Amino acid sequence: TGLQLATDGEDLKALPWLVRALQLEEGGPRAEELHRIRIRHVLDNSPVPIRLWHHADLVGAYLGPDRTTLATWDRQGTVKIWDPRSGEAVGPPLAHAAPLVDVRVWDSTVVTADARGTIRVWDARTARERFAPLTHEGGLRFVRLSLRAGRLLSTDEQGGIRLWALE
């Protein structure tokens with residue numbers, strides 16, 4: 001296919017395939033966008049995107065370290081979890097009552113941190129919280145997650161650091 005040829009560096013062979021895929025696309029302007037971007041990247045000889053997502057009012061995105069889960073979040077505090085291989089949503093959206101400052105994900109575990117200092121640990125597949133909400137006052141800045149160690153780290157704007165045991 002054109003995408004595989006482009007990935008293998010066979011740009012001249014990939015181009016006709018990519019153009020034909022655009023011509024055959026019936027999904028409307030948003031679906032055509034990915035084909036146009038791929039063609040432009042081949043013509044520019046730059047890396048080729050393999051998938052595009054859409055999340056209205058997007059504020060952030062994070063690809064988990066195992067690269068099996070992608071989190072996107074918006075201004076209203078809604079997090080969507082995606083499978084990067086299929087492009088499909090994983091479970092229902094996760095909702096916070098306040099805007100988010102950070103999100104981390106590992107496999108099916110999602111950690112969200114909001115502007116009010118509330119940290120939540122979720123199961124992405126069920127949208128259920130795994131623990132009671134954690135509170136970190138003082139202007140929460142970011143969170144980091146280590147499931148292997150069973151730990152969560154949070155920091156605030158005053159330099160405060162908290163290490164939480166997830167057990």
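Two strands are taken to pair if DSSP finds at least two bridges between them; strands (E, at least two residues) and helices (H or I, at least four) are DSSP runs, numbered from the N terminus. The model is predicted, so local features need pLDDT of at least 70 and side-chain atom pairs count only at pLDDT 80 or more, while totals for chains, interfaces and linings use all residues. Residues are numbered from 1 along each chain as its sequence is written, and side-chain values use heavy atoms, with hydrogens and water left out.

Strand β11 (residues 151-156) runs antiparallel to β12, to which 5 bridges join it. Within this pair, Arg151 stands opposite Ala165 in β12. The two strands belong to an open sheet of 3 strands in the order β10-β11-β12, with antiparallel pairing. Strands β10 (140-146) and β12 (161-165) are the edges, each pairing on one side only. From one strand to the next, the twist averages 20°.

Helix α2 (residues 11-24) packs against helix α3 (residues 29-44) at an angle of about 160°, and their axes lie 9 Å apart. This makes α2 roughly antiparallel to α3 (angles over 145 degrees). Axes are lines fitted to C-alpha atoms, for helices over the stretch in contact, and angles run from 0 to 180 degrees between N-to-C directions. The α2 and α3 crossing is left-handed, that is, the near helix is turned anticlockwise from the far one by less than a right angle. In contact (heavy atoms within 4.5 Å) are Asp11, Leu15, Leu18, Val19, Ala21 and Leu22 of α2 with Glu32, His35, Arg36, Arg38, Ile39, Val42 and Leu43 of α3. By class, this contact has 8 nonpolar, 1 polar and 4 charged residues, where Ala, Val, Leu, Ile, Met, Phe, Trp, Tyr, Cys and Pro count as nonpolar, Asp, Glu, Lys and Arg as charged, and the others, Gly among them, as polar.

Conventions. Parallel < 35°, antiparallel > 145°, perpendicular 65-115°, else oblique.
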